[in-house]
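Subject: Structure handover

Hello,

Here is the structure I promised to pass on. Please have a look at it first, then read my notes below.

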Amino acid sequence: MDAQELVEWTYRRHRRVALVSSFQAESGVLIDMACRATASPEVLTIDTGRLPEETHELINEFQRRYLIRVRVLLPEPDEVATLTAQHGTMPFRESVELRHRCCDIRKVRPLARVLGQYDAWITGVRREQMPSRAATPFVAEDAAHGGIAKVAPLAAWTRDQVWHYLEKHSVPHNTLYDRGYTSIGCSPCTRATQTGEDERAGRWWWELDAAKECGLHALPLTERSGA
Ligand code: SF4
């Protein structure tokens, strides 16, 4: 089945579905597809506290243009306070370990705390984004989140396919893409990329040897058949 059909299958097959969105280009495709598949899909997004203003503006624009229920997840204030007290407001620049800790507190844990309330989650991960994502299955059992289904309808899509879809269906996008960004996360951890650079080269660009992952997609998965 194609990506739209897989999104439709996900909503047909599961009672509670979380479309987890960072409001990057892939998220726009999936929100548009989800609104064609079901009425008022629930969209989960993580407000790390460090997102660029442009991302917040885009979230508002999607809420104006699409009938979606946006659920904003926040980090635990005590965990952020402890990290900040120990390492300041920019711990991610000190070491890879502290960067992972910041991502864990601000992104991974807020999502993990709520995913048990759902039967499936949809993500915009694509195989060509990173070597670590090259084997991303379309549908997998997410053991780290209680065995719910993790669905990646765009796993086999190219970047060009994503942008072709956005243009064809007039789906809004983050204006940072128009300023040279090719992947967008937290403001202090994202920069624009140069021609010829890897798509995710602007994420944690000071980490030359580390995998450009925040931990959301580094969980054990078992591929499911039958989708
Ligand atoms: Fe922290 Fe940067 Fe990760 Fe955002 S991307 S959670 S600011 S380390």
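**What I found**

Cys189 is buried, at 7% relative accessible area. Buried means under 20% relative accessible area, exposed means over 50%, and partly exposed is in between, with a 1.4 Å probe and protein chains only.

Some ground rules. This is a predicted model, in which local features need pLDDT of at least 70 and side-chain atom pairs count only at pLDDT 80 or more, while totals for chains, interfaces and linings use all residues. Residues are numbered from 1 along each chain as its sequence is written, and side-chain values use heavy atoms, with hydrogens and water left out.

**The ligand and its cavity**

Cys189 is also one of the residues around the ligand. A residue counts as near a molecule or strand if one of its heavy atoms lies within 4 Å of it. By class, the shell has 6 nonpolar residues, 4 charged and no polar. Here Ala, Val, Leu, Ile, Met, Phe, Trp, Tyr, Cys and Pro count as nonpolar, Asp, Glu, Lys and Arg as charged, and the others, Gly among them, as polar.

Where does the ligand sit? It sits in the second largest cavity. To sit in a cavity or pocket, a molecule needs more than half of its atoms within 2 Å of the grid points. The search runs on a 1 Å grid over the protein atoms alone. A cavity is a set of points where a 1.4 Å probe fits but cannot get out. A pocket is an open set with protein on both sides within 12 Å along at least five of seven lines. Lining residues have an atom within 4 Å of a point.

The second largest cavity holds about 100 Å³ of space. Grid points are joined across faces, edges and corners, and a volume is the space filled by probe spheres set on the points. Its lining includes Thr48, Pro188 and Cys189. By class, the lining has 7 nonpolar residues, 1 polar and 4 charged.

**The largest cavity**

The count comes to 2 cavities of 30 Å³ or more. The largest has a volume of about 540 Å³. It is lined by 35 residues. Nearest its centre lie Ser22, Gln24, Arg203, Leu216 and His217. The lining divides into 13 nonpolar, 14 polar and 8 charged residues.

Helix 2 (25–37), strand 2 (42–46) and helix 6 (159–168) each supply at least two residues of this lining. Helix 2 gives the largest share, 3 residues. Helices (H or I, at least four residues) and strands (E, at least two) are DSSP runs, numbered from the N terminus.

**Cysteines**

How many disulfides does the structure hold? It holds 0. The test is a pair of cysteine sulfur atoms within 2.5 Å. Cys35 counts as partly exposed because its relative accessibility is 26%.

**Loops and backbone**

Phe23 lies in the loop between strand 1 and helix 2. Its phi is near 60°, a positive value in a residue other than glycine. At 1% relative accessibility, Phe23 is buried. Ser40 lies in the loop between helix 2 and strand 2. Phi of Ser40 is near 50°, again positive in a residue other than glycine. For background, most residues other than glycine have a negative phi.

His14 is in the loop between helix 1 (3–13) and strand 1 (17–20). It is buried, at 11%. His14 and Tyr118 are 104 residues apart along the chain, yet their C-alpha atoms are separated by 8.6 Å.

Tyr118 is in the loop between helix 5 (96–115) and strand 4 (120–122). Tyr118 is buried, at 4%. His145 is in the loop between strand 5 (139–142) and strand 6 (148–151). His145 is buried too, at 10%. His145 and Tyr118 are 27 residues apart in sequence and 9.5 Å apart in space, C-alpha to C-alpha.

Last, Asp142. It is in strand 5. At 0% relative accessibility, Asp142 is buried.

Best wishes
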